[in-house]
Amino acid sequence: MICGCGLASNQLDIRHQFKSPLREAGILQQSAVIVCSDVNMLPAACCTLLSVKRNLSSATVEFLLLGIDLKPNEIAEVGNFARLHGMAIKVLPYNTPDTALQARGRWSGATLARLYMDLHIPDHVERLLYLDADVLAVAPVDDLFAMDLQDKALAAIDDYVMAFPEKAGARQRKIGMREGGRYFNAGVLLFDWSACRSRGLFARTREIFEERSHLFENNDQDALNVTFDGDWLVLDPRWNTQTGLLPFVGRPAIIHFTGRKKPWQATVPWVHRRMAKRYAEDLANTPWASFCRQPSMTGRIAGFLSHLGKRIGGLARLARTRAYFSNS
């Protein structure tokens, strides 16, 4: 189901060249961006896709939304949002299977939907950029669709935990990864989707999750790290600037609002206060306008004091994060 405005004939061709064996053979790759969302995160997910559209200057890319258990009226709202912003969003209906209801901790079962993307993404897609729904592109992202993946099926960014080797090592040992490897954050993932599809990598990830879910505190992120252990391309942190990395990344291209507090909430973290306005503006003329909760003046002051306290109280943590990500 495609939601959005009509496209000119030249826009219907979503092929995009980039450096790869396929390009050398004269074949153009077809690229897409996908976000997975249930109704609770639907406004944020649509803002994520819109932010990518605004930061693509030359690439013609298809925008996909894996709609988790969405009702017809909720899918219609995606279409209304897309038309308002002059874009097209293709909704891929997804009904949560029983095997995807095993998420633990603060994650809902909906977080596991991306492990089933291969069953829903159109066959013509060859390069895929996956984004979490709490992500915004803030600078041009064309380079991601032109990047040489060096024969890897995945490119990603180190997770924040990698700045703390003892914690990273404990997590890797627990979930069955090799010693001394790297652990990526799964909020921004760039796939050679043709390779993923031909090698059955997502089917394998589902098997891993079913076998070891009791070990995975980070759910599908852990499972994906086991699947791609040692076999992924490390990208610059600017392509997935997690909240804890913001002080050390000079030119973020994609900001990832990790943590429980998000920019659209009344308890918006001080470091993300400018992003709150962006969500409010993009959702202003939609039925989702109330999704954004503006903090009171008291809340703003409390947020600043909390931010200041964390900076002062976490100087050692900040120093370790700076040391790792400044050299990665």
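## Ground rules

Because the model is predicted, local features need a pLDDT of at least 70 and side-chain atom pairs count only at pLDDT 80 or more, while totals for chains, interfaces and linings use all residues. Residues are numbered from 1 along each chain as its sequence is written, and side-chain values use heavy atoms, with hydrogens and water left out.

## Rings that pair up

A pair of aromatic rings is described by the distance of the centres and the angle of the planes. Here, rings of Phe, Tyr and Trp (its six-membered ring) pair if their centres lie within 6.5 Å; planes under 30 degrees apart are called stacked, over 60 edge-to-face, and the rest tilted. Searching the whole structure this way turns up 12 aromatic pairs.

Take Phe191 and Phe228: their ring centres are 6.2 Å apart and their planes sit at 50°, so this pair is tilted. Phe191 belongs to strand β9 (residues 184–192), and Phe228 to the loop between α9 (219–227) and β10 (233–234), so the pair ties together parts 37 residues apart in sequence. (Helices, H or I with at least four residues, and strands, E with at least two, are DSSP runs numbered from the N terminus.) Phe191 is buried at 1% relative accessibility, and Phe228 is buried too, at 2%. Buried means under 20% relative accessible area, exposed over 50%, and partly exposed in between, using a 1.4 Å probe and protein chains only. Ring pairs also join Phe191, Trp193, Phe202 and Phe228 into a cluster.

Now for Trp264 and Tyr279: with centres 5.1 Å apart and planes at 70°, the pair is edge-to-face. Trp264 is in the loop between β12 (254–256) and α10 (273–283), Tyr279 is in helix α10, and the two are 15 residues apart. Both of these residues, Trp264 and Tyr279, are buried.

## Charges over rings

A charge sits over a ring if NZ of Lys or CZ of Arg is within 6 Å of the ring centre and within 35 degrees of the ring normal. Lys167 lies over the face of Phe164, 5.6 Å from the ring centre. Arg238 does likewise over Trp239, at 4.8 Å.

## A three-stranded sheet

An open sheet of 3 strands runs in the order β7-β12-β11, with mixed pairing; two strands pair if DSSP finds at least two bridges between them. At the edges stand β7 (135–137) and β11 (241–242), each with a single partner strand, so one side of each has no neighbour in the sheet.

β7 and β12 pair in the antiparallel sense over 3 bridges. Val135 has His256 in β12 as its bridge partner.
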